[in-house]
Amino acid sequence: MTTWLREETPHDMFRFLREGDEGRHQTARVTADGAAWLASAAGGRGSALARWEARPASPATLPCGTAFDVVNVDPVFGRRMLDKLWTEGPGSGPVAVHRGRTMLFAAPGTAQRLPALLDWEEWGDAVPRPLCHGLGDAVTVPPLVPSGSAGPRWLVAPDTRHPWLPGPEVVLWACVRAVRAASADVRVSIFPPADPGANVYDVSRRR
């Protein structure tokens, strides 16, 4: 167990987070339990956690593949995915935004399985190809404490030591629903586009 997880840390970060847990329903705010889950991803890398503990308003780099994988998508498409997950599906796990991309935290193994599922899916070619971060990769996660800067930020912050994380099938479902929703918004006309130089006549007044 690293020093970052102990109650008597110099900054007593968990106590600080627990004191604000009355606002735990603020979806963009990390709770003490959520911070513990994030810390579990680093395993025994105490030096990285110590730096994060000393600067809780700074982002941190955490490895993927053990506590979570990350599916990194275009922001507009990511918003459509989240809309489908929350309105028609089971919801989502933690979600962050970084460098103009939406990062959906998913169950370990999703990064390896999702690309193959997209290749088999009928609508797979229409899905903007996500960046999948799994075992051997690392991602930048937002600060424990909101900093108000233009850096990474939480859309749905972790608030439990065992958050529910969507697996590859659920992420695929959200991708397909998002693509279908976007396709439904495109109106298709059976008529060819009008010639801008053509004469237009008002035939409604003909007798």
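**Notebook: strands, helices and salt bridges**

I began with the strands and found that β2 (residues 69–73) pairs with β4 in the antiparallel sense over five bridges. I note at the outset that the model is predicted. Within this pairing, Val-71 stands opposite Leu-104 of β4. I then looked up the other partner, β3, which also runs antiparallel to β4, over four bridges. There, His-98 stands opposite Arg-101 in β4.

**Entry: the β3–β4 turn**

I examined the connection between β3 (95–98) and β4 (101–106), where Arg-99 has its place in the loop. The two strands form a hairpin with two residues between them, and Arg-99 in the turn has a positive phi of about 55°. I noted Arg-99 as exposed, with a relative accessible area of 77%.

I next looked up what approaches this turn from elsewhere in the chain. The C-alpha atom of Arg-99 is separated by 7.1 Å from that of Pro-152, although the two residues are 53 apart along the chain. For Ala-150, 51 residues from Arg-99 along the chain, the C-alpha separation is 9.2 Å. Ala-150 belongs to the loop between β6 (138–141) and β7 (153–156), and with a relative accessible area of 85% it is exposed.

**Entry: helix α4**

I checked the length of α4 (residues 75–87) against expectation. Its 13 residues should span 18 Å at 1.5 Å a residue, and the end C-alpha atoms are 18 Å apart, which agrees. I listed its buried residues as Phe-77, Gly-78, Met-81, Leu-82, Lys-84 and Leu-85. Viewed down the axis of α4, these fall within an arc of 165°, so they line one face of the helix. The face turned away from them carries the exposed residues Arg-79 and Thr-87.

At the N-terminal end of α4 I found a cap: a side-chain oxygen of Asp-74 lies 3.0 Å from the backbone nitrogen of Val-76.

**Entry: helix α5**

I repeated the exercise for α5 (residues 110–120), where Thr-110, Ala-111, Leu-114, Leu-117 and Leu-118 are buried. They cover an arc of only 120° around the axis, which puts them on the same side of α5. I noted the background rule that an α-helix has 3.6 residues a turn, so residues three or four places apart point the same way. Turned away from the buried side of α5 are the exposed residues Gln-112, Asp-119 and Trp-120.

**Entry: salt bridges**

How many salt bridges does the structure hold? I counted three.

One joins Asp-33 to Arg-161, with the closest N and O atoms 3.4 Å apart. This pair links distant parts of the chain, 128 residues apart: Asp-33 is in helix α2 (residues 32–41) and Arg-161 in the loop between β7 and α6 (168–184).

Another is formed by the side chains of Glu-88 and Lys-84, at 3.0 Å from N to O. Here Lys-84 is buried, with a relative accessible area of 15%, whereas Glu-88 counts as partly exposed at 46%.

I also recorded the salt bridge between Asp-119 and Arg-129, at 3.4 Å from N to O. Asp-119 lies in helix α5 and Arg-129 in the loop between α5 and β5 (131–133), so the pair ties together parts that are 10 residues apart in sequence. Asp-119 is exposed at 58% relative accessibility, while Arg-129 is partly exposed at 42%.

Key. Residues numbered from 1 in each chain as written. Predicted model: local features only at pLDDT ≥ 70, side-chain atom pairs only at ≥ 80, totals over all residues. Heavy atoms only, no water. Buried < 20%, exposed > 50% of the residue type's maximum accessible area, 1.4 Å probe, protein only. Arc of directions from axis to C-beta. Expected span 1.5 Å × (residues − 1). Polar contact = N/O pair within 3.5 Å; in protein donor to acceptor, adjacent residues only side chain to side chain. Pairing = 2+ DSSP bridges. Salt bridge = Lys/Arg side-chain N within 4 Å of Asp/Glu carboxyl O.
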